[in-house]
Amino acid sequence: MTREKVASELLRVREQMEKLRKKEKQLQDQKKEMDEMEILKVTRKIGITPEQLQLLNSLNEKEIEEFLKERRNDLEAEKEIIENGKI
């Protein structure tokens, strides 16, 4: 292979790589948009308000776990009261 052919082939490969990088970015952006739409769909389905979602975003993981644990305890207590006929 001649030096010119190698240089030409190298240029062609670099151009292909650039096209693939652009395609990868487009696909990543498209996937992110689809993920965000799915999140929006779920939050609407379960009735989370934008304010509640903003609050959840501001909490760290440990705070969220603690909140969910408290909520489960509250629901179990309510269920127990109902089952025991106190309501």
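Four salt bridges turn up in this structure, which is a predicted model. Side chains of opposite charge can pair when their charged atoms come close.

**Stop 1: Glu-9 and Arg-12.** Select both side chains. They meet in a salt bridge, 2.5 Å from N to O. Both residues sit in helix α1, three residues apart, or about one turn of the helix. Glu-9 has a relative accessible area of 34%, so it is partly exposed. Arg-12, at 38%, is partly exposed as well.

**Stop 2: Lys-25 and Asp-29.** Move along helix α1. Lys-25 pairs with Asp-29 in a salt bridge, with the closest N and O atoms 3.1 Å apart. The two are separated by about one helical turn because they are four residues apart in helix α1. Asp-29 is partly exposed, at 39% relative accessible area.

**Stop 3: Lys-31 and Asp-35.** Here is another salt bridge, its closest N and O atoms 3.1 Å apart. Again the helix is α1, and the spacing is four residues, about one turn. Lys-31 counts as exposed because its relative accessibility is 52%. Asp-35 reaches 39% and is therefore partly exposed.

**Stop 4: Thr-43.** Stay in helix α1, which covers residues 3-46 and includes Thr-43. Is Thr-43 buried or exposed? Its relative accessibility is 9%, under the 20% limit, so Thr-43 is buried. Now show its surroundings. Leaving aside neighbours within four places in sequence, Thr-43 contacts Ile-48 and Leu-53.

**Stop 5: the acidic patch.** Select Glu-61, Glu-65, Glu-66, Glu-70, Asp-74 and Glu-78. They gather in a patch of negative charge on the surface. Finish on Glu-78, in helix α3 (residues 61-83). Glu-78 is partly exposed, at 43% relative accessibility.

Technical notes: Residues are numbered from 1 along each chain as its sequence is written. This is a predicted model: local features need pLDDT of at least 70, side-chain atom pairs count only at pLDDT 80 or more; totals for chains, interfaces and linings use all residues. Side-chain values use heavy atoms; hydrogens and water are left out. Patches are made of residues with over 30% relative accessible area and no salt bridge: like charges are joined within 9 Å, nonpolar side chains (Val, Leu, Ile, Met, Phe, Trp, Tyr) within 5 Å. Accessible areas come from the Shrake-Rupley method with a 1.4 Å probe; for residues, only the protein chains shown count as cover. A salt bridge is a side-chain nitrogen of Lys or Arg within 4 Å of a carboxyl oxygen of Asp or Glu. Lys and Arg count as positive and Asp and Glu as negative; His and the chain ends are not counted. The place of a charge is taken as NZ of Lys, CZ of Arg, CG of Asp or CD of Glu. Buried means under 20% relative accessible area, exposed over 50%, partly exposed in between (1.4 Å probe, protein chains only). Contact means heavy atoms within 4.5 Å.
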